[in-house]
Amino acid sequence: PPAATRVSIIGTGYLGATHAVCMSELGFSVVGVDIDPGKVANLAAGRVPFFEPGLEELLRKNLDTGRLTFTTSFTDAAAADVHFLCVGTPQRPDSPAADLSHLVSAVDRLLAAGPKPGSLLVGKSTVPAGTAAALARRLATEAPLVGLAWNPEFLREGFAVEDTMRPDRLVLGLQADDGGRAEGMLRAIYASAIEAGTPLVLTDFATAELVKVAANAFLATKISFINAMAEICEATGGDVKTLAAALAHDARIGGRFLGAGVGFGGGCLPKDIRAFQARAAELGAGYAVGFLAEVDAINLRRRTRMAELTTELLGGSVAGRRVAVLGAAFKPNSDDIRDSPALDVANLLHRAGAVVTVTDPAAVPNARQRHPELSYADNAVQAATDADIVLHLTEWSDFREIDPVALASYVRTPTVIDGRNALDVARWRAAGWSYYALGRPRV
Ligand code: UDX
């Protein structure tokens, strides 16, 4: 029975907290370990310290079974049969490369606590290619009876539980010389997903590490491609939304991640394409992913373009003008503001002298902490009261459901820029709004 298999989750941030809850839901006995006592206390008390639909209910349910615990003690984690490494690998403050210090210190602590002989360490964090091989060399000298596998995580914020329980694929990077032990243990861990038909990719460490960064690089490229087409549409008077819809009819292209607008943000895509370039350069293959610099540049240009269009529509200067910003999270159904295009645009305008008021259904507390210089409102009406212009920058359904007739009565001037191409143009125009969007013709 799975409860006999003990699982530790090292690092209880977004990925780790979700993985811990889901592993426990599958019936395993799970301990989540983190050096941050605040995170541990929250999770142990049944509170998810970030916004993720459905996760808190599942956390509470599993805490009640007694199968799921959280601790700051690596000694408690050392008794597990399988350790999932789920720590963050953010961008370094001083370079585009990934910061692996959390990963290294997590392994230091686990090894110091004495993991069980025969246990398996499974890397889930997004890492530069070569990290797993280096870790394998370290284990070979310091803990030769502990196995290693690399099993990248592809979960999307907002769909974390669903993506963990039923991923698009399971990628297992394995060592050729362990007699199939790691594969056997991971097949047992993921038995329910495998039985449900989840495709399984068995490969080496380097390929497993690369699948993750390649997937994110491809998604980023797809978004920047359509945003580049938006720039061309702006130059020609074309309509990028119609263009994207027409492209999507070609099944080889497909319509997902072809949404033009202020571009991608978040804790993954931007840092992953930068770390990928840095790692490729270290390997002497920087030329192969040179195009990712352009993908990044196109993406960042959408933010300045948004600020420029705002300035233009306000007559050449935003100084002293009131700007309502709908959205602070980097995407809807999340309170994550890491590298958020919405807040970046808000800040550009604030620095140019605008009076910016931001609203978001979930991300205002995080935004307020990080950007105390901006003003915040509880809802769209409050944010838009007396506004000279309204910017729609994160496509929450709350914003799509705004009644433009009602909102028009609060603003000073009914001008909206739809930075996500998600509002119902006809409805907003019928309500008297001047509607503008990135990559679409003006009327
Ligand atoms: C991403 C990957 O999708 C996921 O597989 C990986 O594990 C982590 O990184 P996430 O960062 O949660 O997940 O967000 P995602 O849904 O991929 O969106 C990324 C960004 O792209 C958001 O800012 C979103 O607004 C933007 N985006 C997405 C677009 O601008 N246009 C689109 O068409 C789609």
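Modeller: Helices (H or I, at least four residues) and strands (E, at least two) are DSSP runs, numbered from the N terminus. The structure is a predicted model, in which local features need pLDDT of at least 70, side-chain atom pairs count only at pLDDT 80 or more, and totals for chains, interfaces and linings use all residues. Residue numbers start from 1 along each chain, following the sequence as written.

The protein chain is assigned domain 1 (2-203) and domain 2 (240-437), with bounds that come from an automatic or database domain assignment. The centres of the two domains, taken over C-alpha atoms, are separated by 33 Å. Their contact draws 14 residues from domain 1 and 12 residues from domain 2, where two residues are in contact if their C-beta atoms, placed from the backbone, lie within 7 Å. The side of domain 1 that touches domain 2 is made of nine nonpolar, four polar and one charged residues. In these classes Ala, Val, Leu, Ile, Met, Phe, Trp, Tyr, Cys and Pro count as nonpolar, Asp, Glu, Lys and Arg as charged, and the others, Gly among them, as polar.

The ligand lies between domain 1 and domain 2, because both give residues to the shell around it. A residue is near a molecule or strand if its C-beta atom, placed from the backbone, lies within 6 Å of it. There are 19 residues around the ligand, and Glu 157, Gly 259, Phe 264, Gly 266 and Cys 268 come nearest. Helix α10 (residues 205-236) contributes the most to this shell, three residues. Sorted by class, the shell has 10 nonpolar, six polar and three charged residues.

Now the sheet itself. It is open and has six strands, in the order β11-β10-β9-β12-β13-β14, with parallel pairing. The edge strands are β11 (375-376) and β14 (434-437); each has a single partner strand, so one side of each is left without a neighbour in the sheet. Two strands pair if DSSP finds at least two bridges between them. Strands of a sheet pair through backbone hydrogen bonds, either parallel or antiparallel.

Going along the order from β11, strand β10 (residues 355-359) pairs with β11 over two bridges, in the parallel sense, and Val 358 stands opposite Tyr 376 of β11. Strands β9 and β10 run parallel and are joined by five bridges; here Val 323 faces Val 356 in β10. Four bridges link β9 to β12, again parallel, and Leu 326 has His 392 of β12 as its bridge partner. Between β12 and β13, which run parallel, there are three bridges, with Val 390 partnered by Val 416 in β13.

Helix α13 (residues 291-313) lies across β9 (322-326), β12 (389-392), β13 (415-418) and β14, and runs at about 165 degrees to β13. Helix α14 (residues 341-351) packs on the sheet too, touching β9, β10 and β12, and its direction makes about 160 degrees with that of β10. Axes are lines fitted to C-alpha atoms, for helices over the stretch in contact, and angles run from 0 to 180 degrees between N-to-C directions.

How far are the strands covered? A residue is buried if 20 or more other C-beta atoms lie within 10 Å of its own, exposed if 12 or fewer, and partly exposed in between, with C-beta atoms placed from the backbone. In β9, five of its five residues are buried. Arg 322, Ala 324 and Leu 326 point one way from β9, and Val 323 and Val 325 the other way. In a regular strand the side chains alternate between the two faces of the sheet. Strand β12 is covered on both faces, with Ile 389 and Leu 391 buried on one side and Val 390 and His 392 buried on the other.

Phe 399 counts as buried because it has 22 C-beta neighbours inside 10 Å.

Asn 333 sits in the loop between β9 and α14, has a positive phi near 60 degrees, and is partly exposed, with 19 other C-beta atoms within 10 Å. Asp 386, in the loop between α16 (380-384) and β12, has a positive phi near 65 degrees and counts as exposed, with 12 C-beta neighbours inside 10 Å. Most residues other than glycine have a negative phi.
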